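Please read the following note with the sequence and the structure open beside it. The points are numbered so that each can be checked in turn.

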Amino acid sequence: MQKALTSAWPEPRKKLPPRPTRLDPYKPLIDEMLRADLDAPRKQRHTVKRIFERLLDEHGADEISYQMVRG
C-alpha cells in the first residue's frame with residue numbers, strides 16, 4: 001500500500017511463463033509442413049483445415065481441435 005501512495009505509476013506486472021498446450025507436441029510437425037510449403041505453388045499450400053486433417057490422420061492427434069490449430 002505504501003508503494004501505491006508514493007508513486008503515481010504502478011509497478012510493471014510480472015511476465016508469466018507461457019503455459020503448455022495440447023498442441024505443443026505437434027508444433028514442430030506444423031512448422032515442417034509450412035516450411036515445405038514455401039517452395040510450393042500457392043494453390044498447393046496447406047490450409048489450416050488440411051494441416052488439422054493431416055495431424056489427425058497421420059499422427060493420431062485426437063486431443064486437439066480445429067480451433068487450436070487455427071489459433
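1. Helices here are DSSP runs of at least four residues, numbered from the N terminus. With that naming, leucine 38 is found in the loop between α2 and α3. The model is a predicted one, and every value below is computed from it.

2. Is leucine 38 buried or exposed? Leucine 38 is exposed, because its relative accessible area is 65% and the cut-off for exposed is over 50%. Its C-alpha atom is separated by 29 Å from that of arginine 19, a residue 19 places away along the chain.

3. Helix α2 covers residues 27-37, and its buried residues are Ile30, Met33 and Asp37. Seen down the axis of α2, these residues fall within an arc of 60°, so they line one face of the helix. Which helix do the buried residues of α2 pack against? They pack against α3.

4. The length of α3 can be checked by a simple calculation. At 1.5 Å a residue, its 12 residues should span 16 Å, and the end C-alpha atoms are 16 Å apart, which agrees. The expected span uses one less than the number of residues.

5. The buried residues of α3 are Ile51, Phe52 and Leu55. They cover an arc of only 100° around the axis, which puts them on the same side of α3. Lys49 and Asp57 are exposed on the other side of α3. The buried residues of α3 pack against α2 and also against α4. Just after α3, glycine 60 takes a positive phi of about 60°.

6. How many aromatic pairs does a search of the whole structure find? The search finds 1 aromatic pair. The pair is formed by phenylalanine 52 and tyrosine 66, with 6.0 Å from centre to centre and 85° between the planes, and it is edge-to-face. Phenylalanine 52 lies in α3 (residues 48-59) and tyrosine 66 in α4 (residues 66-70), so the pair ties together parts that are 14 residues apart in sequence. Phenylalanine 52 is buried, with a relative accessible area of 16%, whereas tyrosine 66 is partly exposed at 32%.

7. Histidine 46 also lies in the loop between α2 and α3. Why does histidine 46 count as partly exposed? Its relative accessible area is 22%, and buried would need a value under 20%. Leaving out residues up to four places away in sequence, histidine 46 touches Met33, Asp37, Ile51 and Arg54. Of these, Met33 and Asp37 are among the buried residues of α2, and Ile51 is one of the buried residues of α3. The side chains of histidine 46 and arginine 54 are joined by a polar contact of 2.9 Å.

8. The structure holds 4 salt bridges. One of them brings together the side chains of glutamate 58 and arginine 54, at 3.0 Å from N to O. Both residues lie in α3, 4 residues apart, about one turn of the helix. Arginine 54 is partly exposed at 22% relative accessible area, and glutamate 58 is partly exposed at 44%. Arginine 54 is also the partner of histidine 46 in the polar contact described above.

9. Another salt bridge joins glutamate 53 and arginine 50, at 3.8 Å from N to O. These two residues are both in α3 as well, 3 residues apart, about one turn of the helix. Glutamate 53 is partly exposed at 28% relative accessibility, and arginine 50 is partly exposed at 37%. Lys49, Arg50 and Glu53 are linked in a network of salt bridges.

10. A further salt bridge joins the side chains of lysine 27 and aspartate 24, at 3.1 Å from N to O. Lysine 27 is partly exposed at 41% relative accessibility, and aspartate 24 is partly exposed at 31%.

Technical notes: Residues numbered from 1 in each chain as written. Predicted model: local features only at pLDDT ≥ 70, side-chain atom pairs only at ≥ 80, totals over all residues. Heavy atoms only, no water. Phe/Tyr/Trp six-rings, centres within 6.5 Å; stacked < 30°, edge-to-face > 60°. Buried < 20%, exposed > 50% of the residue type's maximum accessible area, 1.4 Å probe, protein only. Arc of directions from axis to C-beta. Contact = heavy atoms within 4.5 Å. Polar contact = N/O pair within 3.5 Å; in protein donor to acceptor, adjacent residues only side chain to side chain.
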